[in-house]
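Good morning, and thank you for making time on the agenda. I would like to walk through one structure with you, looking at a single chain and then at its partners.

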Amino acid sequence: MYTEIYGIALRSLLISSTATLLALVWSIPFTAKLISIRHRSKDIIIGIFNTLIGLPTVLVGLVLYLLFSYSGPLGFLELLYTPYTIIIGESILITPLVISLLYEVFSRAYNEYWELALTLGADKLQAYKLIIREVISDIFVVSLISFSRAIGELGVALIVGGNIKGYTRVFTTAIALEIEKGEFETAIILGLLLFIVVLSVILTARIIKRRV
Amino acid sequence: MIVLRNIWFSYVDENYVLKNINIEFSRGITVVLGPNGSGKTTLLKIASCLYKPIRGEVLIDDINYWNLNEEEKIRFRRKIVYVHEKPILLRGSVLDNIIYGLIIRGYSRDEAIKKAHKISKELNITSILSRRTETLSIGERRLVTLARALVLDTDYLLLDDPIAHLHPSTRELVVDIVRSMKDEKVIAIATHDPLSTLKIASKVIILDSGRIVNISEPRNIIDKYILEY
Amino acid sequence: MKKFLMILIILVTITTVTTIVYMSVFGKETLRVLKVSTTTSLYVTGLLEKLAEEFRKEYPNVVIQFIAVGTGRALEIASKGDVDMVFVHAPSLEHKYINRGTLVDGHIIAYNYFVIVGPKDDPAGIKGLNNPVKALRRIYNAGVSGMTLFISRGDNSGTHIRELALWRKAGLNPIGQKWYIESGTGMSKTLMIANERKAYTLSDIGTYLKLKGEGILGRLEVLVDKGEGLINIYSAYIVNPEKYKVNYELAKLFLEFVLSRKGQKIINEYGRKLFGRPLFYSAYGKENELKELWNTLLEH
């Protein structure tokens, strides 16, 4: 049983961290572009993303299921009930959170460090270097927070992952199944492990934040 | 000399925060006065070529800055240093901050450190050079931002409320240092506290709601303020 | 833009590396995968995993992936072509999907009984009845007079469909009444709710015994386990390979294994030691009899 729990833990970590990285891949350029807009629509767009943070996970799961189902438009990819759909689903789910958090980080970087670099005589490349140096740890903090949202969600993992043993079973779906089986002890062990993971991630984020 | 000609500027849409500004910043100290939100900061940022005006021209040494190519722009921008009202420091030590502008200008680390030590002595911050910036007090942070700007020894020096939040004795020190550079540099100081700065000013500009309401000798302004208060 | 390009390249690299690591650790790409959607009772009791385990002893390069959901969803997933095979227990629903051409090669693989469970003090007085319809009438009357509650799955599962059929047989419609609670969840949670609220519910015997064995249904007991209409027939189907991309050969192999003497023995023996009585009975040798019963369950 412990090798199975170990597998579930490792799988959850890999899936959710990949999802977080994936979300960063599109959120970073998007947010950077958004920051540079000098128009009122910027506030509306970021307002929408703020609202979407509360997106129900089962809704994201359902939409993805319909997309990736064999009869759906992306069915030919044959990705349903694989870890890859969970990765895609979780990355979509956390994107509004990532963008909202990055927006804060980037606004500050843009308003403060970009200008500062220019006042001190930096060319564009030097200014970018300076910004990266200043925000890299903030981006890391953003990813940790988003990661903990991804690893703690159930809806997407259950609907598009299918909770397949040894393949798409992650912390949350395993907990749901153990409850279904009436095996509360295993459910609690898994729940505590998940809690420990999330707690250490959040604590790490806090420590990094205090240091900078 | 920095000349602003018919400058209009807005951050969002048609909300102009600067309306048809015409000023010359020339050798000596120009003090820009005005209440909060009158456009002082924006004016200084336009003069230091951080913001591109919506309309109008910014001339640095008679050259229209925004018509320059990227390379020339940097060359011109390196003649100007603007110090933010909010003291923003980079991660790392105080020394790292002070030498940053020199390093990106191609100075060697040794040279840069030598210059940093010299300016630190003048500003009396030698003792904090190795401290990490997040441990500094607000007054110390401001002195570091000043040191970081002054070490560059630029022709143009634009200071946004440089004496706010400073201890009175430190304030005197800063004012004295700025005064000592009066004859070699073009200096502009934005402030809403005229008392410490007017005595060193060569020209005073009063801004209100994005418009210049008065440009005159400090003498007249002091009289006016004395009458008002 | 150089900064973003740089970050993008770094991130893509990291993602790729992670994915490669992922695939090397968990990748099932080299193995042949059979996807099966199943009713929860067969999975939660552990029977299907046990069958898969034994099957893999003969075919070690095959991985069987179970997606455990209610019968309604299991069939819906099959009709979208997302699985190769289904294990279900709702004849009337199965019939619909057979007619639509979703399912082929249907076989009855096992059976057991539904049971009506309820609080030990049995306020409706149904204990020992050998007629579930009669029992439901009594529960109805007790419910209306405010003496008890009934928890329904309410999730279009095999058990839910059977429960509704029994109510229809009794000529009663409890839906919408205050004492009739639709849990909208799986069998386990429905049983747990019944336990908490001291209510009656219809359950498959397998899930009930499994949970009872875990010691979490202290206030419930089986009150009616005999009588017409309680037989619970589990069937397996392969998803029509002419309509969908289906791993037909593999599905056929597994189906044959389940129906084989060996597979049927596993079904018959499963849980006997642990729970003192079998969770499922093998269909072996009773196919015709069960098929007739199966047909009677279509009529509603």
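How many residues of chain A are in contact with chain B, and how many of chain B with chain A? Before I answer, please keep in mind that this is a predicted model. In that model, 22 residues of chain A meet 31 residues of chain B.

Along the principal axes, the C-alpha atoms of chain A occupy a box of roughly 65 × 40 × 25 Å.

I return now to the interface with chain B. The area buried between chain A and chain B is about 2,400 Å², and carbon and sulfur atoms give 49% of that area. On the chain A side, Arg38(A), Thr119(A) and Leu120(A) together supply 28% of the area that chain A buries there, more than any other three residues.

Turning to specific interactions, two salt bridges are found across the interface of chain A and chain B. In one salt bridge, the side chain of Glu115(A) meets that of Lys45(B), at 2.8 Å from N to O. There are also twelve residue pairs in polar contact across the interface of chain A and chain B, with both residues at pLDDT 80 or more. Helix 4, residues 83–119, and helix 5, residues 124–151, of chain A each supply at least two residues of the side that touches chain B. Helix 4 of chain A gives the most to that side, with seven residues. By class, the residues of chain A that touch chain B divide into eight nonpolar, five polar and nine charged.

Which of the two pairs of chains in contact shares the most contacts? The answer is chains A and C. Here, 42 residues from chain A and 43 residues from chain C take part in the contact. The area buried between chain A and chain C is about 3,900 Å², with 67% given by carbon and sulfur atoms. Tyr70(A), Tyr81(A) and Glu180(A) supply 17% of what chain A buries against chain C, more than any other three residues.

Three salt bridges are found across the interface of chain A and chain C. Eleven residue pairs are in polar contact between chain A and chain C, again with both at pLDDT 80 or more. Helix 1 (2–35), helix 3 (57–68), helix 4, helix 5 and helix 7 (171–180) of chain A each give two or more residues to the side that touches chain C. The largest share of that side, 13 residues, comes from helix 1 of chain A. The side of chain A that touches chain C has 26 nonpolar, nine polar and seven charged residues.

What of the remaining pair? Chain B and chain C do not touch, and their nearest C-alpha atoms are 15 Å apart.

I close with the surface of chain A. Ile188(A), Leu192(A), Phe195(A), Ile196(A), Leu199(A) and Leu203(A) form a nonpolar patch on the surface, with about 600 Å² of accessible area together. Thank you for your attention.

Terms used: Residues numbered from 1 in each chain as written. Chains lettered and ligands numbered in written order. Predicted model: local features only at pLDDT ≥ 70, side-chain atom pairs only at ≥ 80, totals over all residues. Heavy atoms only, no water. Patch = residues over 30% accessible without salt bridge, like charges linked within 9 Å, V, L, I, M, F, W, Y side chains within 5 Å. Areas by Shrake-Rupley, 256 points an atom, 1.4 Å probe, with all protein chains shown as cover. Salt bridge = Lys/Arg side-chain N within 4 Å of Asp/Glu carboxyl O. Contact = heavy atoms within 4.5 Å. Buried area = accessible area lost by both parts, 1.4 Å probe. Polar contact = N/O pair within 3.5 Å; in protein donor to acceptor, adjacent residues only side chain to side chain. Helix = DSSP H or I, 4+ residues; strand = E, 2+ residues; numbered from the N terminus. Nonpolar A, V, L, I, M, F, W, Y, C, P; charged D, E, K, R; others polar.
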